[in-house]
Amino acid sequence: MSVQSTEGVLAGRLVMVTGKGGTGKTTFAAALALLSAARGRRTLLCEIDNQRPSLTPIFGSEPRFGPQQVRPGLDMCNIEWEPALESFLEGLVPSRRIVKLILGNPIVSKFLDVTPGSQELVELSALGQYVDQYDMVIVDMPASGHAFSLLDITRSAMGLFRSGPVRRRASELRELLTAETTRVAFVALPEEMVVNETLETIQRMRSFELIGGEPVVYLNRATLPTLTDGERELVARLGELELDPAEAEFVRAGRWEDVLEQSTAHSRERLQQGLDLEPVLVGPVAPGRSAREVVQDVAVSLGREVGLTRRDLSWT
Ligand SMILES: Nc1ncnc2c1ncn2[C@@H]1O[C@H](COP(=O)(O)OP(=O)(O)OP(=O)(O)O)[C@@H](O)[C@H]1O
Ligand SMILES: [Mg+2]
């Protein structure tokens, strides 16, 4: 079974973080970016055309199209549609005046709105440009379904355009995506539906050969086993007895812990069997932490795996 670790992720050049909605994509993208910068690699953390950027509460300022520094060695940006399109056209059309004319033409905007995939191609293209400028680009991708179509777009565009500049751009991007140093990090939770979606998306990405590097799966909010088999049996037996309220409360807590541990174990087994890879388990952080603090705690927890300490990651 392949063991994919954070070490492997940090060796990449383009890392795309995806997963079902609300699993922790933004948190893990930001945490991985902090680790990468702490390793001394010039790192860019991107989100894609988010109207209300999720990086704002984490870094305390709003990411824009142009990268801005948020800590030493770490920049962030938001690949907003209009400037991304302008920059894409500038790469294809030599004259700025013509680019302005194209952008100002309502038929062109209509055409782009209804042409499937044009938006994805433009957004990916912006990522491609950043890969040339940074040691590492980490992308807070949309949720799995949309992420899949975003990554699949180079293939469709190459089917659509047999020659010309768009075809060339699409084929360069395809080369980037299928490089060994391009990786997808999936964030999953120990829940049936989330694991299903993770399995399906990774299997589909593999069968389409969309991405060069092996995927890594983070099982977030995992509950690591603490109960022994004997304790588990005891808790189950106690649950059947008539107990006074305080005792019953205590047993309920034990049973809940058992349920959580088992759902983590079950999810982990399904991921191992379905994908032939070992997920990386990350526990829940203490309740009441802000989005920024959760990122920091997750970074510390992933950092332990690669020999970085809280001190290396202090960023206030
Ligand atoms: N290990 C964890 N322990 C506790 N809270 C966590 C953990 N991971 C993420 N969170 C919290 O869960 C919430 C969702 O996380 P996040 O925003 O990273 O998910 P997302 O997948 O990016 O969501 P969306 O699909 O909305 O973009 C946030 O409030 C985050 O702080
Ligand atoms: Mg998010």
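Which residues of strand 8 (residues 216-219) point one way, and which the other way? Val 216 and Tyr 218 point one way, Val 217 and Leu 219 the other way, and all are buried. Here a residue counts as buried if 20 or more other C-beta atoms lie within 10 Å of its own, as exposed if 12 or fewer do, and as partly exposed in between, with C-beta atoms placed from the backbone. Strands (E, at least two residues) and helices (H or I, at least four) are DSSP runs numbered from the N terminus.

A word on the model before we go on. It is predicted, so local features need pLDDT of at least 70 and side-chain atom pairs count only at pLDDT 80 or more, while totals for chains, interfaces and linings use all residues. Residues are numbered from 1 along each chain as its sequence is written, and chains are lettered from A and ligands numbered from 1 in the order in which they are written.

**The whole chain**

The protein chain has 13 helices and 10 strands. Its C-alpha atoms fill a box of roughly 80 × 40 × 35 Å along the principal axes. Of the 316 residues, 38% are buried. Two residues are in contact if their C-beta atoms, placed from the backbone, lie within 7 Å. Among contacts between residues at least 6 apart in sequence, 73% join residues at least 24 apart.

Eight strands form an open sheet in the order 4-5-3-6-2-7-8-10, with mixed pairing. Strand 4 (68-71) and strand 10 are the edge strands, each pairing on one side only. Two strands pair if DSSP finds at least two bridges between them.

| Strand pair | Bridges | A bridge partner pair |
|---|---|---|
| Strand 2 and strand 6 (residues 136-140) | four | Val 15 and Ile 138 |
| Strand 2 and strand 7 (residues 182-188) | six | Leu 14 and Thr 182 |
| Strand 7 and strand 8 | four | Ala 185 and Val 216 |

Strand 2 (residues 14-19) is mostly covered, with six of its six residues buried. Leu 14, Met 16 and Thr 18 point one way from strand 2, and Val 15, Val 17 and Gly 19 the other way.

Strand 7, helix 10 (residues 192-207) and strand 8 make a right-handed β-α-β unit; right-handed means that, with the strands pointing away from the viewer, the path from the first strand over the helix to the second runs clockwise. Phe 186 has Val 217 in strand 8 as its bridge partner.

**The core**

A nonpolar core is a set of buried Ala, Val, Leu, Ile, Met, Phe, Trp, Tyr and Cys residues joined through C-beta atoms within 7 Å. In the largest one, with 77 residues, Ala 185 and Tyr 218 touch the most other members. Helix 2 gives the most to this core, with 10 residues. Leaving aside neighbours within four places in sequence, the contacts of Tyr 218 include Phe 28, Ala 185, Phe 186 and Val 280.

**Around the ligand**

Ligand 1 is surrounded by 18 residues, the closest being Gly 21, Lys 25, Thr 26, Thr 27 and Val 294; a residue is near a molecule if its C-beta atom, placed from the backbone, lies within 6 Å of it. Helix 2 (25-38) and helix 13 (291-306) each supply at least two residues of this shell.
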